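Visitor: I would like to go through this structure one residue at a time. Please show it first.

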Amino acid sequence: GGILDDYLKTDGVWILTRNKQSYRTNSERECAEKCEDERSFNCRAFLFTRIKEQCLTLAENSKTALMFNSTDAVLYEKKIYLLQCKRGNGKDYRGTEAKTQRGIPCQKWTDKVPHRPNFTPEKHPHAGLEENYCRNPDMDENGPWCYTKDPTIRFDYCNIPECERECMQCNGEDYHGKVSRTESGFYCQHWDTQEPHMHGFLPENLTCILIFNFPDKDLKINFCRNPDGDLRPWCFTTSPIKLWEYCDIPRCTTRPPVSGSSSQCLSGNGEDYRGRIAVTESGSTCQRWNTQFPHRHGWIPDSYPCKGLEENYCRNPDGEKRPWCYTTNRAVRWEYCAIPHCDGTEQQSTGMSTDVLEQSPISEECYRGKGLSYRGTASFTVSGNECQAWNSMFPHRHEETPDKFPNADLRENYCRNPDASERPWCFTTDPRVLWEYCSLRRCDDQIQE
């Protein structure tokens, strides 16, 4: 870590404050050093302009000053001044609480009335004794305190909440914390960069690229996030040999907030549907979510505690068009359910879609040997990922193109084996998974080894 690790960086913003100092520096790191060495005031943040390489140290931050857009500027705020909670006895608390636990306003640390203080900014320059904010200059075990404006009460403790360890509710899809390391200790790659790993999870500032934008997933800086409904928050790593990894963020001990939008009818795409319909639109009975027969799957109720995966009820855990379920019909892996609309209109059955049916067990839908001659239309991998088209370079760049392998029949996104691998495979449309073998069975060939 370096000096900038103690700051929160925000691109493209400027804050207005009168109390500031201007310096000429060559880098943001040098500007941070100016902020640490500032003696004119207590430096809470600094601004750095990339073109002019100007450095402004600031006495205020975004919590106390007006902020507006400025494309060339970068705002760095000391994280310690953004916390409104205390760790341990709160000796490092630098928040702006200015009244005691009994609601009495605090006296300024520089004032002598109504109480003459023993602790002053002059005597304790590193204790953060600013204005009349609650502080703990003597490391009192009861936490931050202040002298009060009540002549009869010399001092009182302040009601500063404890900083809880960052945690996530459900699968962390709404996690907006600042953990930026993986469970193995790798630093996370910034979401708005393509090095060392190219990927398709693009934050709002890159929405000019029209494929795989996630502007509503809070893909800020390099914080761990769960933009794709995975098991828990993750990130791409800064290690060239490790593409991505989950982050070590525990589930919160408090129960997740109860959603008031649980519905017994279809509204929108039905992600909030919690009714008890357990039959698909073609009449097939739904498979129970906690079983792996007849279809193996990854939607385990214990792994997705907030998706309502109870019994065998129709649900929409992955943001599909509408609620669905795996079926008890071995020939049909999954199918949509006919859920009545909340507005009273009837849902039109679309019938059994061809992409719902598993590949029929005919010769074209199984492979012989290594599958070099397989010419079927399977296009899903063993883990359920959809295949990337062979003539596409997104989300993965590759060399296995129809032009370079003219005899491999690299059509559409069908599973093939152009490089004589163990069995048919494909590149996936998951930005984090380059390729996988396909969900195909080997034909019952008597002459195969």
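Visitor: Leaving out residues up to four places away in sequence, which residues does K78 touch?

Guide: This is a predicted model. K78 belongs to strand 5. Once residues up to four places away in sequence are set aside, the residues touched by K78 are D6, Y7, C35, E36, C43 and R44.

Visitor: Is K78 buried or exposed?

Guide: Buried means under 20% relative accessible area. The relative accessible area of K78 is 13%, so K78 is buried.

Visitor: Where does Q107 lie, and is Q107 buried or exposed?

Guide: Q107 is in the loop that runs between strand 5 (66-78) and strand 6 (145-147). Its relative accessible area is 1%, so Q107 counts as buried.

Visitor: Which backbone oxygens does the side chain of Q107 reach?

Guide: At 3.2 Å, the Q107 side chain reaches the backbone oxygen of D111. At 2.8 Å, the Q107 side chain reaches the backbone oxygen of H115.

Visitor: Which residues is Q107 in contact with, leaving aside neighbours within four places in sequence?

Guide: D111, reached by the side chain at 3.2 Å, was named above. Leaving aside neighbours within four places in sequence, the contacts of Q107 are K112, V113, P114, H115, P117, N132, Y147, T148 and K149.

Visitor: How many residues are in the largest nonpolar core, and which have the most contacts inside it?

Guide: The largest nonpolar core has 17 residues. Those with the most contacts inside this core are W289, W299, C314 and W324.

Visitor: Which strand supplies the largest share of this core?

Guide: Strand 10 (324-326) and strand 11 (334-336) each supply at least two residues of the core. The largest share is three residues, and its source is strand 10.

Visitor: What does C314 touch, not counting residues up to four places away in sequence?

Guide: C314 is one of the residues with the most contacts inside the largest core. Not counting residues up to four places away in sequence, C314 touches Y273, I277, A278, V279, C286, P323, W324, C325, C337 and I339.

Visitor: How many residues does the other core have?

Guide: This core lies apart from the largest one, and its residues include A408, L410, C438 and L440. The number of residues in it is 14.

Visitor: How many salt bridges does a search of the whole structure find?

Guide: Side chains of opposite charge can pair when their charged atoms come close. Across the whole structure, the search gives a total of 19 salt bridges.

Visitor: Which residues are linked in a network of salt bridges?

Guide: Some salt bridges are pairs, such as the one between D92 and K91, with the closest N and O atoms 3.5 Å apart. The residues linked in a network are R375, D409, R411 and R416.

Note on methods: Residues are numbered from 1 along each chain as its sequence is written. This is a predicted model: local features need pLDDT of at least 70, side-chain atom pairs count only at pLDDT 80 or more; totals for chains, interfaces and linings use all residues. Side-chain values use heavy atoms; hydrogens and water are left out. Helices (H or I, at least four residues) and strands (E, at least two) are DSSP runs, numbered from the N terminus. Buried means under 20% relative accessible area, exposed over 50%, partly exposed in between (1.4 Å probe, protein chains only). A polar contact is a pair of N or O atoms within 3.5 Å; within protein, one must be able to donate a hydrogen and the other to accept it, and residues adjacent in sequence count only if both atoms are side-chain atoms. Contact means heavy atoms within 4.5 Å. A nonpolar core is a set of buried Ala, Val, Leu, Ile, Met, Phe, Trp, Tyr and Cys residues joined through side-chain atoms within 4.5 Å. A salt bridge is a side-chain nitrogen of Lys or Arg within 4 Å of a carboxyl oxygen of Asp or Glu.
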